[in-house]
Amino acid sequence: PGESQKIDRLMEKFASRFCDCNPGQFHHPDACYILAFSTIMLNTSLHNPNVARKTSLEEFITMNRGIDKGSDINPALLTTIYESISKVPFKIPENDKGLSLTFFNPQREGYLQKEESGATRSWKRCWVVLNNNCLYYFKQKGDTTPSGIVPLEKLRVSLKESKKSKPGDPPLRFELLGALNEDGSVSLIKGCKTNSKGMVVQDYQKRYLFKGESAEEVDEWVKSIAAVVCNDAMMVMISSKKAHINVV
């Protein structure tokens with residue numbers, strides 16, 4: 001795809017086309033969009049040699065419960081996907097590296113504090129991985145299923161000062177913001193996250209805010225993210241590889 005094509009547009013087109021070719025498979029194309037993310041998570045869990053505990057079929061079905069406008073995906077379809085990936089992992093033709101390496105060859109990784117959405121501000125420590133033009137955050141290092149995935153294409157990243165900072169204090173935070181539209185509005189950031197029930201759901205945020213332990217650490221994160229925000233993201237790989245799974 002060209003640089004002007006946004007990640008969500010690519011995934012939505014793929015999901016729409018899949019639903020056109022497979023009528024009745026989903027109630028809404030968004031279910032296909034979300035399923036692509038959980039499928040990548042499954043591939044990582046089953047085929048990365050560094051992962052000791054593999055995701056079971058029951059856990060994969062639970063992860064995708066209720067993603068189709070509140071309805072469950074047909075268990076037979078999820079079983080077919082699970083069995084297909086367990087036998088043959090996704091492959092990248094350019095260099096034949098398995099997508100199971102997604103989280104284990106990062107451009108940058110480390111613990112950060114992430115601002116939690118809600119009525120009151122709170123922070124939660126998480127393990128953050130930058131790779132494949134996406135930002136993944138996990139509850140802790142070693143987890144195989146991300147708590148969330150943020151595609152970085154066309155986003156903006158910048159240092160963010162705290163309101164409690166004193167003049168001259170270096171920023172210990174950085175934020176991710178959506179693209180600026182022609183009318184001056186800011187686009188929502190579209191990603192995916194795993195909710196409290198272990199289900200993968202779409203996630204729309206005005207911004208993501210992280211903070212580190214030192215100004216040097218935060219500055220390095222900003223530089224690393226800024227270097228990749230204009231590139232095509234992980235969904236390019238997802239969409240091209242989904243064609244190799246015969247789920248019908």
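Q: Asn-43: buried or exposed?
A: Buried. This is a predicted model, and in it Asn-43 has a relative accessible area of 0%. The cut-off for buried is under 20%, so Asn-43 counts as buried.

Q: Which helix is Asn-43 in?
A: Helix H2, residues 29–47.

Q: And how far is Asn-43 from Ser-86, C-alpha to C-alpha?
A: 7.6 Å. Along the chain the two are 43 residues apart.

Q: OK, the sheet. What's the strand order?
A: S5-S6-S9-S1-S2-S3-S4-S7-S8. The sheet is open, has 9 strands, and pairs antiparallel.

Q: Which strands are at the edges?
A: Strand S5 (156–160) and strand S8 (200–205). Each has a single partner strand, so one side of each has no neighbour in the sheet.

Q: How many degrees between neighbouring strands?
A: On average 30 degrees, direction ignored.

Q: How many bridges hold S4 and S7?
A: 2 bridges, antiparallel. Strand S4 covers residues 148–151, and strand S7 covers residues 189–194. Gly-148 has Lys-193 in S7 as its bridge partner.

Q: Which strands does H2 touch?
A: S4, S7 and S8. H2 packs on the sheet there, with its direction at about 110 degrees to that of S8.

Q: On to packing. Which residues touch the most other members in the largest nonpolar core?
A: Phe-26, Leu-35, Phe-60, Ile-73 and Val-200. That core has 33 residues.

Q: Which element gives the most to this core?
A: H2, with 10 residues. Other elements giving two or more include helix H1 (7–21), helix H3 (57–63) and helix H4 (75–87).

Q: What does Val-200 touch?
A: Leaving out residues up to four places away in sequence, Val-200 touches Ile-34, Phe-37, Ser-38, Met-41, Met-63, Ile-67, Cys-192, Lys-193 and Thr-194.

Q: How many residues are in the other core?
A: 21 residues, lying apart from the largest one. Among them are Leu-112, Leu-130, Leu-155 and Val-229.

Q: Last topic, cysteines. How many disulfides?
A: The count is 0. For Cys-21, the nearest cysteine sulfur is that of Cys-19, 9.5 Å away. A disulfide needs the sulfurs within 2.5 Å, so Cys-21 is in none.

Q: And what is the relative accessible area of Cys-21?
A: 45%, so Cys-21 is partly exposed. Cys-134, at 0%, counts as buried.

Technical notes:
Residues numbered from 1 in each chain as written. Predicted model: local features only at pLDDT ≥ 70, side-chain atom pairs only at ≥ 80, totals over all residues. Heavy atoms only, no water. Buried < 20%, exposed > 50% of the residue type's maximum accessible area, 1.4 Å probe, protein only. Helix = DSSP H or I, 4+ residues; strand = E, 2+ residues; numbered from the N terminus. Pairing = 2+ DSSP bridges. Axes fitted to C-alpha atoms, helices over the stretch in contact; angles between N-to-C directions. Contact = heavy atoms within 4.5 Å. Core = buried A, V, L, I, M, F, W, Y, C linked by side-chain atoms within 4.5 Å.
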